[in-house]
Amino acid sequence: MNLYEIEVLDNNNQTISLNNYKDQVLLIVNTATDCEFTEQYDDLEELYEKYHNYGFCILDFPCNQFGEQAPGTMEEIMSFCADTYGVSFPQFAKIEVNGPNESPLYTYLKEKQDSTLSKRIDWNFTKFLVNQEGDVVARFEPLVKPREIENNIKKLLK
């Protein structure tokens, strides 16, 4: 299986294929609207606005697994993100990133990451950087701010 064979639910619970994002550099993030890292939405949106015309996309997957920090409906989450942070990048249905109900996307990302890293996602705003071929090239933990990985993104876009 490759990344582009995976299907996910969009923010309207419609199934879509990640093949829609083929040939793009992706930053895949599990997010939460009531988390100490929620302010990272600002940096994420800045990166998206700066590079999306060059083949970069952020895929936002709200996750309520950590302290129930992504409460509410998708409509409420999207409204909060748009009104508070001006989010315009794609947001998807809530997922789980660990355990028996783990999203196949996160199973794939964790299997394909650097083998020295933990297979467990420890908190929201864990970021996976994926190249145009669908390869996971880096994983960044929540403490790493999105602007700190801008150079990694730029290198992949060249």
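Leaving aside neighbours within four places in sequence, which residues is Cys-63 in contact with? In this predicted model, the partners are Asn-30, Thr-31, Ala-32, Ala-70, Ile-95, Glu-96, Val-97 and Asn-124. Cys-63 sits in the loop between β4 and α2 (74-85). Its relative accessibility is 0%, so Cys-63 counts as buried. Ala-93 is 30 residues from Cys-63 in sequence. In space, the C-alpha atoms of Cys-63 and Ala-93 are 8.8 Å apart.

Helix α2 also holds Met-78. The relative accessible area of Met-78 is 27%, and Met-78 is therefore partly exposed. With neighbours within four places in sequence left aside, Met-78 is in contact with Asn-11 and Gln-91. Met-78 and Ser-88 are separated by ten residues in sequence. Their C-alpha atoms are 9.5 Å apart.

The packing of α1 and α4 was examined next. Two packed helices are described by the angle between their axes and the distance between the axes. Helix α1 spans residues 40-51, and helix α4 spans residues 150-157. Their packing angle is about 25°, and their axes are 12 Å apart. The angle makes α1 roughly parallel to α4, because angles under 35 degrees count as such. The crossing of α1 past α4 is right-handed. On the α1 side, the contact involves Leu-47, Lys-50 and Tyr-51. On the α4 side, Glu-150, Ile-153, Lys-154 and Leu-157 take part. By class, this contact has four nonpolar and three charged residues, with no polar ones.

Lys-50, one of the α1 residues in this contact, has a relative accessibility of 45%. Lys-50 therefore counts as partly exposed. Thr-15 is 35 residues away from Lys-50 in sequence. The C-alpha to C-alpha distance between Lys-50 and Thr-15 is 28 Å.

The buried residues of α4 are Glu-150, Ile-153, Leu-156 and Leu-157. They cover an arc of only 125° around the axis, so they lie on the same side of α4. These buried residues pack against helix α1. They also pack against four strands: β3 (25-31), β4 (56-62), β5 (127-130) and β6 (136-140).

Leu-105, Tyr-106, Tyr-108, Leu-109 and Lys-110 are buried in α3. Strands β3, β4, β5 and β6 are among the packing partners of this set. Strand β1 (7-9) is another partner of the buried α3 residues.

Backbone phi values were then considered. Most residues other than glycine have a negative phi. Asp-23 has a positive phi, near 70°. Asp-23 is placed in the loop between β2 (15-17) and β3. With a relative accessibility of 55%, Asp-23 counts as exposed, because the cut-off for exposed is over 50%. Phe-125 likewise has a positive phi, near 70°.

Definitions and conventions. Residues are numbered from 1 along each chain as its sequence is written. This is a predicted model: local features need pLDDT of at least 70, side-chain atom pairs count only at pLDDT 80 or more; totals for chains, interfaces and linings use all residues. Side-chain values use heavy atoms; hydrogens and water are left out. Axes are lines fitted to C-alpha atoms, for helices over the stretch in contact, and angles run from 0 to 180 degrees between N-to-C directions. Helices (H or I, at least four residues) and strands (E, at least two) are DSSP runs, numbered from the N terminus. Angles under 35 degrees count as roughly parallel, over 145 as roughly antiparallel, 65 to 115 as roughly perpendicular and the rest as oblique. A crossing is left-handed if the near helix is turned anticlockwise from the far one by less than a right angle, and right-handed if clockwise. Contact means heavy atoms within 4.5 Å. Ala, Val, Leu, Ile, Met, Phe, Trp, Tyr, Cys and Pro count as nonpolar, Asp, Glu, Lys and Arg as charged, and the others, Gly among them, as polar. Buried means under 20% relative accessible area, exposed over 50%, partly exposed in between (1.4 Å probe, protein chains only). The arc is that of the directions from the helix axis to the C-beta atoms.
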